[in-house]
Amino acid sequence: MPAPLLYPSPSEAALKLHFLGETIKDVPAPAAIIDLAVVNRNCRLMLETAYQLGVAIRAHVKTHKTTQLARLQVGRNSRSVKLVASTVSEIENLLPWLLECKAEEKEVNVLYGIPITPSALPRLSAVARALGEGSVGLFVDHPAHIKLLDASASEWPGQISVWMNIDVGYHREGVSAHSAQLADVAYALAASKRTRLVGLYTHMGHSYNVSSPAEALEHLSLELQGLEEGAIEFLKIAGAHETKDANAQKVVLSIGATPTATAAQNLFEDTEGGRKYRAMIEKINKSFAVELHAGVYPVMDMQQLATRARPAQLTVHLTRSLLSFADLGLRMLVEVASLYPDRGEKPEALIAAGSIVLGREPCKSYPGWGVVSPWPQSSGPHYDPEGTRTGWIVGRISQEHGVLTWEGPTEHVRQLEIGEKLLVWPNHACIAGVNVGWYLVVDSDTGDPETVVDVWVRWRGW
């Protein structure tokens, strides 16, 4: 049974009837607020970067789980719709839109982003039948996966497109380029009658530890080199070979994680590093088809700011913000429940929002679980890990309780009141959105950035 039936969503029409035209301060807290202007800009920058590099972009939908934001990630005028998802539910909920894309004769390709399991296969087979051969790709990194597909995918249309997971050091899914297991998968694939290799995929999750654009680009180059090495080794064992024929169908090399994928925007700076890494991508792209994948970049979060993977501005585009608080598109609306000005050396306050609203993901740049923005002011002083380090943060967190702590000098503490609404920048947007049923959308490019202009319902389930 598909996820839309197992996990029914609230009525989008009813939500819009209730929320459209409301201002943020009148919305019940907690709530998740997305700024359409910011996510539009972030998505456009990623699409422009991929186009200039001559590579494809594969958008991950796990952060937001909405059709509306997936459309922005792909681009309104794109003839190619390439996506990756972490749950079968995400793919099933994408299906109505993907069928529209197929009807418009667009290229549609969506990957299930976890090595295939028996319980996921029947539902993914149903999606594959609806979209047609080659539209759904599956991850493999063990010969048992090939055996499963050969034996159990009788209802899959045509050959099954598989992607080999390569581990370049993060040690999540995937195997290393020179492991015996990689060879075993290659032999199994060569003998398989039902499967065909389409691409190799890696996730540079440890790029979240970087602290500068140079480090992020170095991780990007290591990721690309490691994946190319794995691809050549895998294809050699499987009896294939790399090609320089521009007309031949190339094996895809999919690299990414938001820090490395968005750091690619630094490649257009006129620096030795920019020229070096552009040349590397161009060289590998002659034999393979390189694509970037990433997920959290439309909304960004405190973890992304902490990577410093991109400067606040490029020297060639002085007015274009790249990675600053202005590029954070998701804020969590919370409400002050109590005040404790004399609790200790610094003032504290209680908000009715804990880990089930903000998540429990740490951020390496500061000792908290979220940063209170200057809202309702459009700008103003707030805690900045790279600046004054003065302002309110979510200093401690429980399930439903969040404790705000004032950091820095106390001479000019921002006074709070019980019942006051605040907007908090979360550490990790993927986790902060998990327990909300919908996003309330505002648009700071309009003359009224406080008014809800749309409601995006999040998909649920597995």
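Before anything else, I settled my terms: a cavity is a set of grid points where a 1.4 Å probe fits but cannot get out, and its volume is the space filled by probe spheres set on those points. I also reminded myself that this is a predicted model.

I took the second largest cavity to begin with, and found about 40 Å³ of space in it. Its lining is made up of Leu217, Leu220, Ser221, Leu224, Tyr277, Met280 and Ile281. Two helices, helix 9 (213-238) and helix 11 (272-287), each supply at least two of the lining residues. Helix 9 gives the most, with 4 residues. By class I noted 6 nonpolar residues, 1 polar and no charged ones.

Then I turned to the largest cavity, whose volume is about 40 Å³. Around it I listed Asn165, Ile166, Asp167, Tyr170, Arg172, Glu173, Tyr201, Thr202 and His203. This lining splits into 3 nonpolar, 3 polar and 3 charged residues.

Next I looked up the largest pocket, which holds about 950 Å³ of space. Its lining has 43 residues, and Lys62, Ser86, His428, Cys430 and Ile431 are the closest to the pocket's centre.

Which helices and strands supply at least two residues each to this lining? I found strand 4 (107-115), strand 9 (289-294), helix 12 (302-307) and helix 14 (429-432). Helix 12 gives the most, with 3 residues. Sorting the lining by class, I got 18 nonpolar, 16 polar and 9 charged residues.

**Entry: the nonpolar cores**

The largest nonpolar core has 124 residues, and the members that touch the most others are Leu83, Leu138, Met164 and Leu200.

What is Leu83 in contact with, leaving aside its neighbours within four places in sequence? My list reads Arg58, Ala59, Val61, Val74, Leu94, Trp97, Leu98, Asn109, Val110 and Leu111.

Technical notes
Residues are numbered from 1 along each chain as its sequence is written. This is a predicted model: local features need pLDDT of at least 70, side-chain atom pairs count only at pLDDT 80 or more; totals for chains, interfaces and linings use all residues. Side-chain values use heavy atoms; hydrogens and water are left out. On a 1 Å grid over the protein atoms alone, a cavity is a set of points where a 1.4 Å probe fits but cannot get out, and a pocket is an open set with protein on both sides within 12 Å along at least five of seven lines; lining residues have an atom within 4 Å of a point. Ala, Val, Leu, Ile, Met, Phe, Trp, Tyr, Cys and Pro count as nonpolar, Asp, Glu, Lys and Arg as charged, and the others, Gly among them, as polar. A nonpolar core is a set of buried Ala, Val, Leu, Ile, Met, Phe, Trp, Tyr and Cys residues joined through side-chain atoms within 4.5 Å. Buried means under 20% relative accessible area, exposed over 50%, partly exposed in between (1.4 Å probe, protein chains only). Contact means heavy atoms within 4.5 Å.
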